[in-house]
Amino acid sequence: MAFSTFNARAESITEKPAFRDAWRRGQRCLVMTDGLYEWRKTGVADKQPFAIGMADDSLMTMAGLWDEWRDPLNGEIVRSCTIITTEPNDLISTLHDRMPVILDEADWSKWLGEEPASDAELKGLLISCPADRIKNVAGG
Amino acid sequence: MCGRVRLANEWSEIRIKLKFDPDSSAPNIAPSWNIPPTGTLLTAIPLSRRQAGAGEDALRADPALGEGREDGILDLQCPRGIDHREAGVS
């Protein structure tokens with residue numbers, strides 16, 4: 001069975017055909033949201049949503065890759081991006097087995113290529129943020 | 001990751017924090033609790049990198065990029081758009 005690849009796994013981002021060219025070209029971006037939500041099963045048929053935000057109510061800024069490609073249906077240039085995911089921290093691990101890479105503001109310039117960084121340094125940024133940097137917005 | 005929350009923050013604050021063009025206008029992203037994986041989200045890409053574009057030019061782009069960053073709204077899709085079935089559940 002094949003799976004859609006909407007998010008990019010940090011562990012394989014330099015190898016997967018879907019992402020390795022964008023990585024090699026340094027097409028890194030930031031993706032900003034107020035947060036994310038996950039569903040947790042509470043019963044056979046029941047699921048409960050959990051909204052996750054930053055502990056200090058700041059923007060949740062995720063690491064992403066972007067690219068341009070030609071839509072084979074109409075020939076138009078499409079710009080798109082993917083969010084990079086990694087192993088979950090202690091808070092998210094109760095909800096899901098993956099979480100987005102949430103970058104600290106101090107690392108934004110490095111991630112965007114505005115400051116020099118080696119491949120190893122960039123990959124070193126692709127880790128889960130400390131659990132105390134995020135919170136369950138719903139109050140859990 | 002099942003969902004993301006769209007921006008409800010003040011654009012003027014976001015613009016300063018992300019070093020976007022001070023004259024840039026607010027993107028048309030209505031606050032929402034749910035967007036699909038193929039939806040759109042606000043992104044930040046260094047201007048010179050965007051202008052270089054993807055492809056050969058991007059490979060030659062100077063890594064010492066300019067100060068400005070471009071805001072944009074990008075579809076959340078597989079970057080190449082052709083390998084949706086490559087592998088991996090994220």
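**Exercise: confidence in chain B**

Find the elements of chain B where confidence is lowest and highest.

*Solution.* Helix H3 (residues 56-60) of chain B has the lowest confidence, at a mean of 33. Now go to the top: E2(B) is highest, at 82. The scale is pLDDT, the predictor's confidence in each residue, from 0 to 100. Helices (H or I, at least four residues) and strands (E, at least two) are DSSP runs, numbered from the N terminus.

Next, take the whole chain. The average pLDDT of chain B is 58, and 43% of the residues score at least 70. A contact means that the C-beta atoms of two residues, placed from the backbone, lie within 7 Å.

A note on ground rules. This is a predicted model, in which local features need pLDDT of at least 70, side-chain atom pairs count only at pLDDT 80 or more, and totals for chains, interfaces and linings use all residues. Residues are numbered from 1 along each chain as its sequence is written, while chains are lettered from A and ligands numbered from 1 in the order in which they are written.

**Exercise: confidence in chain A**

State the average pLDDT of chain A, then locate its lowest and highest elements.

*Solution.* Chain A averages 86, with 94% of its residues scoring at least 70. Among its elements, E3(A) is lowest, at a mean of 82. Helix H3 (residues 119-124) of chain A is highest, at 96. One stretch falls under 50: residues 1-5 of chain A, with 12 contacts beyond four places in sequence. For the model, the scores are ipTM 0.83 and pTM 0.78.

**Exercise: the layout of each chain**

Count the helices and strands of chain A, then those of chain B.

*Solution.* Chain A holds 3 helices and 8 strands. Its order along the sequence is β-α-β-β-β-β-β-β-α-α-β. The C-alpha trace of chain A spans about 45 × 40 × 25 Å along its principal axes. Chain B has 3 helices and 3 strands, in the order β-α-β-α-α-β.

Then check burial. In chain A, 44% of the 140 residues count as buried. In chain B, the share is 32% of 90 residues. The test counts other C-beta atoms, placed from the backbone, within 10 Å of a residue's own: 20 or more is buried, 12 or fewer exposed, in between partly exposed.

*Solution.* Strands pair if DSSP finds at least two bridges between them.

Now look at the turn. E5(A) and E6(A) make a hairpin with 6 residues between them, and Gly75(A) in the turn has a positive phi of about 80°. Finish with cover. E6 (residues 77-86) of chain A has 8 of its 10 residues buried.

**Exercise: the nonpolar core**

Name the residues with the most contacts inside the largest nonpolar core.

*Solution.* A nonpolar core is a set of buried Ala, Val, Leu, Ile, Met, Phe, Trp, Tyr and Cys residues joined through C-beta atoms within 7 Å. The largest has 44 residues, and those with the most contacts inside it are Cys29(A), Leu30(A), Val31(A), Leu65(A) and Ile84(A). Both chains supply elements: those giving two or more residues include E5 and E6 of chain A and E2 of chain B. E5(A) gives the most, 5 residues. Ile84(A) touches, among others, Ala8(A), Leu65(A), Pro100(A) and Leu126(A). In soluble globular proteins, nonpolar side chains tend to be buried together.

**Exercise: one proline**

Decide whether Pro46(B) is buried or exposed.

*Solution.* Pro46(B) is buried because 24 other C-beta atoms lie within 10 Å. Last, a distance: the C-alpha atoms of Pro46(B) and Asp23(B) are 16 Å apart, with 23 residues separating them along the chain.
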